[in-house]
Amino acid sequence: MDKEELLENNDHNFKMQFSNYVREYCGGSHNSYTLNAMKRERVLKCLKNVKDEPSARFRFWVRSKGFRIVQSPDGEDILALPPKGNDPNDTLFKRVATIDDFFDIIYAAHSENGHVGQSQTFRAIKAMYALVPRILVIKFIEMCPQCSNTHSYASRRRSTTIQDNTITSDKLAGTHNPFAIVKRDPDDLEEGGYDESEVVSSNQQEVANALNEILAGKISSGEIETVVHIEPDESTSGTIVLFPCHLCKEVFNKKKALQKHIRSHQDFRPAVPLQKASPAFKKRKFNVGFQTVYPVSKTRRSGTTRRRVILDVDSSPTAAQAIVLAASRPDIELMAINCVAGRVSVLNACENALRVLRACGRDDINVCRGAEKSLLGLTGKEENLPGSAWSRKVEGHVQAEHSVSSLIRYVNENPGEITLICLGPLTNLALALRLDPLVANHLKELFIVGGNIEGQGDISTCAEQNFLFDPEAAYIVLQEIKNAFILPYEISQRHSIPFRNYVLWLNTGTEMSTFLIECFTHEDLDQLEKTGMVSPEVFAVATVIDSTIILEKEKVYATVELKGEHSRGLMVVDRRGYLNKPANVCVVKNMDLGKTQALFGSVFSAVDIFESPLPISLAGTQKDHHIPILFKETRLNVV
């Protein structure tokens, strides 16, 4: 067998092995990141007609990812993704690669450019394609018939046999370690049949394998240069690695010579060209023994993280707007909507919440039924809200778990991660604090819409309706939870959204915008045209999304009047310190109306982009050539 046949045979076996590894790697939990052909067709179908996709969760995932359809000149639909990161020069949309294309893409970036390293290979792929895991690029180079026999990879295989670089079981927690922890599975326990030594040895082997993989991953990283002394090995001293040119079939025994030859070749037009590294990019160097000369602490990667939020609501048109804003934001993970009696009964509040979620396509969010009465037995109104939207058919179901139990479970399972936004009476939260006082410590933040600071009331002489409905609950919350943010009644009345902007946002003809308009009666809309839209619930959700919306705040001690004949439910603010108690609340006194309008308006502009045509340029195409796609009106400067 000559050299050409041997190389072709090696390439064929290599492709089969790598394809099997890709299917194994992407067939498990990692499949949520990569796309196969079937999932790609499902995304395309959802983009073309969102109503054809039955899963609300999948529709939301497609929207949050930002998928786009590019129509090529020959009529082919190309799935693309917007650029990520803060690089202002990276404005090109990237083709979405499927797992069937991974071998050809990585081969074009690595082999056709002269078997370059994994950093250059991945940088070239990242400039044109999306959803290609970096771990597959590393694995491709490790399995490459030429690169796997080079000095660095062969020396790595030899170095793994050295005792100093191998982790043995006697260095791991085991039977002779008094602090070793052995987990037992109850399903595997039998009388007299439990062998502790077998479990310990099994755990040791699993940990040893994991640590060896981690160590190998660190050594193979192209971004870390290692200075390791390699002893010559007689068994491999005679091995010759051949690097064939894919353009003219000329064979070289050195990688540098191949790369120089390819770049000087007249037919060299790589399908995936190499990209220049950023000037700010610096490699971290390690000395022998892997002791870095730089600080060991790793800097945290920049990026937005999803905030876990629970809404506690009664029901109102402005509360519906807040639910839509929270449910439509990809940077908010809306864990649940807990309903409480207030303006309406708790049953109507649950049904109205389901109607709102149905209108914005988020049927996957749990709705829980909470307190039916205040702590002293006051119930909400039996009749529902007057708008026509509240008489729509209810689709979905309320969770069997009570709101108080749900709140305690979520907060204790995720300590320091849950932000609670209370848009109605505080009965649910007060009951949760009485059942489990640790809820106060495990909450990340608490935002309350209610109370007043100037003695002005909305349904009484001097009390706000959320505090007046259940003053005892408000009193308990203010005493138990420290540093809660309160958006009082008077401040929200001074920040009204112009009615013309509200009409502009909701005049899109979508199901969501139509529902929000139908929440109001004609008389309500006539009144809003004069006064503007006052929506403290939207401001509360907006401040969670962007804390810079709060322009001015004041830390004071506040409590609730419970015994006054005319002042019951009034929030008492001790600014001068007469009560000699430390500050327990943070009262919002001024807000950025422009930022709030931009956040709320972006919900409807995002829907418009998602369902309309727009010219986009794709990575790898000519910059002056614009390809029409399904989205319109907004013009994006993309690649």
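## About the model

Because this is a predicted model, local features need pLDDT of at least 70 and side-chain atom pairs count only at pLDDT 80 or more, while totals for chains, interfaces and linings use all residues. Residues are numbered from 1 along each chain as its sequence is written, and side-chain values use heavy atoms, with hydrogens and water left out.

## The sheet of nine strands

Nine strands form an open sheet with mixed pairing, in the order β11-β10-β9-β12-β13-β14-β17-β15-β16. Strands (E, at least two residues) and helices (H or I, at least four residues) are DSSP runs numbered from the N terminus, and two strands pair if DSSP finds at least two bridges between them. At the edges stand β11 (366-369) and β16 (571-574), each with a single partner strand, so one side of each has no neighbour in the sheet. On average, neighbouring strands of this sheet are turned by 30° against each other, direction ignored.

Strand β15 (residues 550-560) pairs with β16 in the antiparallel sense over four bridges, and A558 has V573 in β16 as its bridge partner. Helix α11 (residues 346-359) packs on the sheet, where it touches β10 (332-339) and β11, and its direction makes about 175° with that of β11. Helix α21 (residues 536-545) also packs on the sheet, touching strands that include β9 (307-313), β12 (418-422) and β13 (445-449), and its direction makes about 160° with that of β13. Angles of this kind run from 0 to 180 degrees between N-to-C directions, and axes are lines fitted to C-alpha atoms, for helices over the stretch in contact; contact itself means heavy atoms within 4.5 Å.

Strands β1 and β2 run antiparallel and are joined by four bridges, and the bridge partner of V70 in β2 is I78.

The structure holds 20 salt bridges, a salt bridge being a side-chain nitrogen of Lys or Arg within 4 Å of a carboxyl oxygen of Asp or Glu. One of them links D77 with K48, whose closest N and O atoms are 2.6 Å apart. Since D77 lies in strand β2 (residues 77-81) and K48 in helix α2 (residues 37-48), the pair ties together parts that are 29 residues apart in sequence.

Helix α2 packs against helix α3 (residues 56-65) at an angle of about 85°, with the axes 11 Å apart. That makes α2 roughly perpendicular to α3, where angles under 35 degrees count as roughly parallel, over 145 as roughly antiparallel, 65 to 115 as roughly perpendicular and the rest as oblique. The contact is made by K39, R42, V43, C46 and L47 of α2 and by F58, R59, W61 and V62 of α3.

The axes of helix α4 (residues 102-110) and helix α6 (residues 134-143) come within 11 Å and cross at roughly 70°, and α4 and α6 are therefore roughly perpendicular to each other. Residues F102, F103, I106, Y107 and H110 of α4 make the contact with L136, V137, F140 and I141 of α6.

Helix α13 (residues 427-435) and helix α16 (residues 471-480) pack at an angle of about 55°, with their axes 8 Å apart, which makes α13 oblique to α16. In this pair, T427, L429, A430, L433 and R434 of α13 meet A473, I476, V477 and E480 of α16. By class, the contact of α13 with α16 has six nonpolar, one polar and two charged residues, where Ala, Val, Leu, Ile, Met, Phe, Trp, Tyr, Cys and Pro count as nonpolar, Asp, Glu, Lys and Arg as charged, and the others, Gly among them, as polar.
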